[in-house]
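Let's take a friendly walk through a protein chain together. Have the sequence and the 3D view ready as you read.

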Amino acid sequence: MLGCNIKNILNNIGLTEKDLYNNEHKNYSMRQIYAEYLYTDKEGRVLYKAIRYKPKEFRQAQYINGIWQFNMQNVKYVPYNLPNVVKNDIIYFVEGEKDADNLNRLGLTATTTISRSSWVHKT
């Protein structure tokens, strides 16, 4: 219909304008950890991790003095599975830790990065 405004349409289907956008104040108590992926240096020391939640959402935390800090300030990004990556000539670069783990279980060497922004060259 011409002339319908968004508030009326949303009201008729039981929604508000806030329902159309990401809510910055999510109810984090409702999510469950689905998987944690550790990123280490060449020697296997933990640097940071990616956490996948259910429903699907990701967060990162760095390991500082034995404590997980949920910020990535001053992090030196490394490829996932770095200790095996540096030992092999053939490496598969995949999208996501889950895919890397699946290939690694098959005896291949696979890696990924924690986020696209961690490897895109900035000019």
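## Helices and strands

The chain holds three helices and six strands. Here, helices (H or I, at least four residues) and strands (E, at least two) are DSSP runs numbered from the N terminus. Starting at that end, the order is α-β-β-β-β-α-β-α-β.

A word on the model: it is predicted, so local features need pLDDT of at least 70 and side-chain atom pairs count only at pLDDT 80 or more, while totals for chains, interfaces and linings use all residues. Residues are numbered from 1 along each chain as its sequence is written, and side-chain values use heavy atoms, leaving out hydrogens and water.

## The sheet

Look for the open sheet, where four strands follow the order β1-β2-β3-β4 with antiparallel pairing. Its edge strands, β1 (32-40) and β4 (67-69), each pair on one side only. Two strands pair if DSSP finds at least two bridges between them. Between β2 (residues 46-54) and β3 (residues 57-64) there are six bridges, and I51 has R59 in β3 as its bridge partner.

## A look at F93

Is F93 buried or exposed? F93 counts as exposed, because its relative accessibility is 53%; buried means under 20% relative accessible area, exposed over 50%, and partly exposed in between (1.4 Å probe, protein chains only). Across the chain, buried residues make up 27% of the 123 residues.

F93 sits in strand β5 (residues 92-93). Beyond its neighbours within four places in sequence, F93 is in contact with T111, T112 and T113, where contact means heavy atoms within 4.5 Å.
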